[in-house]
Amino acid sequence: MSETAPKRYHPAHVVIHWLMALLILMMLGVGKTVMPGVDPADPQKPMMLQSHAYIGISLAALLVIRVIMLFVLKRPAPADAGNPVLNFAGRATHILLYVFMLGMVLSGMGLFQMANLPAVFSGAAPYPANFFDYPARNGHGLVSWLLLAFIALHFGAAMFHQFIRKDGLLERMWFGK
Ligand code: HEM
């Protein structure tokens with residue numbers, strides 16, 4: 001990274017990072033806890049799935065904008081965890097987080113297409129008896145666990161920098177001079 005690397009991420013990165021974090025945690029939380037408990041015959045179920053699908057599609061757009069910004073905007077120098085193995089693990093975790101986010105939006109959009117969700121949302125088609133009849137549903141479920149595991153790792157690493165290395169790394173993903 002050049003000497004002109006900024007101290008912090010660009011404010012647009014900061015906004016999108018925290019917005020995506022909030023939306024993804026909400027989607028994972030609701031997807032794993034609330035959604036499975038609602039009976040497909042419940043009239044609220046299609047509405048719930050509709051919000052899930054459209055928030056998911058918005059996340060796809062945010063992901064594309066974020067990846068473009070990664071290449072277009074200057075970024076701070078790579079973080080130093082004080083050990084080459086940890087530095088490698090940090091870089092690999094970031095790449096895998098992008099891969100799993102992409103996996104969630106692509107498998108979700110696959111389901112949207114396969115299960116003809118617009119017809120389900122408008123009431124023109126019944127709520128699918130079993131989404132697992134569509135192969136994309138298994139991918140969506142599997143990648144959701146991988147994404148959760150890597151978010152936990154990402155959070156753990158941020159806490160390691162904050163409280164053990166005390167290097168103020170979190171401030172790079174916040175506003176300031
Ligand atoms: C980052 C984006 C997304 C996240 C984090 C997410 C999360 C989840 C989770 C955690 C589940 C339950 C998985 C399980 O425990 O097996 C789920 C189910 C589902 N998601 Fe997503 N999702 C995302 C995007 C999408 C998109 C874009 C769509 C469609 C356009 C979608 C459609 C569905 C459907 C149809 C189900 C199955 C519901 C059911 O079985 O009743 N998801 N999602």
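Guide: Here is a short tour, fold to ligand to metal. This is a predicted model: local features need pLDDT of at least 70, side-chain atom pairs count only at pLDDT 80 or more, and totals for chains, interfaces and linings use all residues. Residues are numbered from 1 along each chain as its sequence is written, and side-chain values use heavy atoms, with hydrogens and water left out.

Visitor: How many helices and strands in the protein chain?

Guide: Six helices and zero strands. Helices (H or I, at least four residues) and strands (E, at least two) are DSSP runs, numbered from the N terminus. The C-alpha trace spans about 60 × 30 × 25 Å along its principal axes.

Visitor: On to the ligand. Which residues come nearest?

Guide: K32, H52, G108, R137 and H140, out of 23 residues around the ligand. Near means a heavy atom within 4 Å.

Visitor: Which helix gives the most to that shell?

Guide: α3, with seven residues. Helices α1 (11-32), α3 (44-72), α4 (84-114) and α6 (135-165) each supply at least two.

Visitor: Now the iron. Which protein donors does it have?

Guide: H52 and H140, each through NE2, lying 2.0 Å from the iron atom of the ligand. Donors are N, O and S atoms within 2.8 Å of the metal (3.2 Å for Na, K and Ca). The pair links distant parts of the chain: H52 is in helix α3 and H140 in helix α6, 88 residues apart.

Visitor: And what geometry does the iron site have?

Guide: Octahedral, with angles of 88 to 180° among six donor atoms. Six donors count as octahedral if opposite ones are over 155 degrees apart and all others between 65 and 115.

Terms used
Four donors count as tetrahedral if all angles lie between 85 and 135 degrees; four count as square planar and six as octahedral if opposite donors are over 155 degrees apart and all others between 65 and 115; anything else is irregular.
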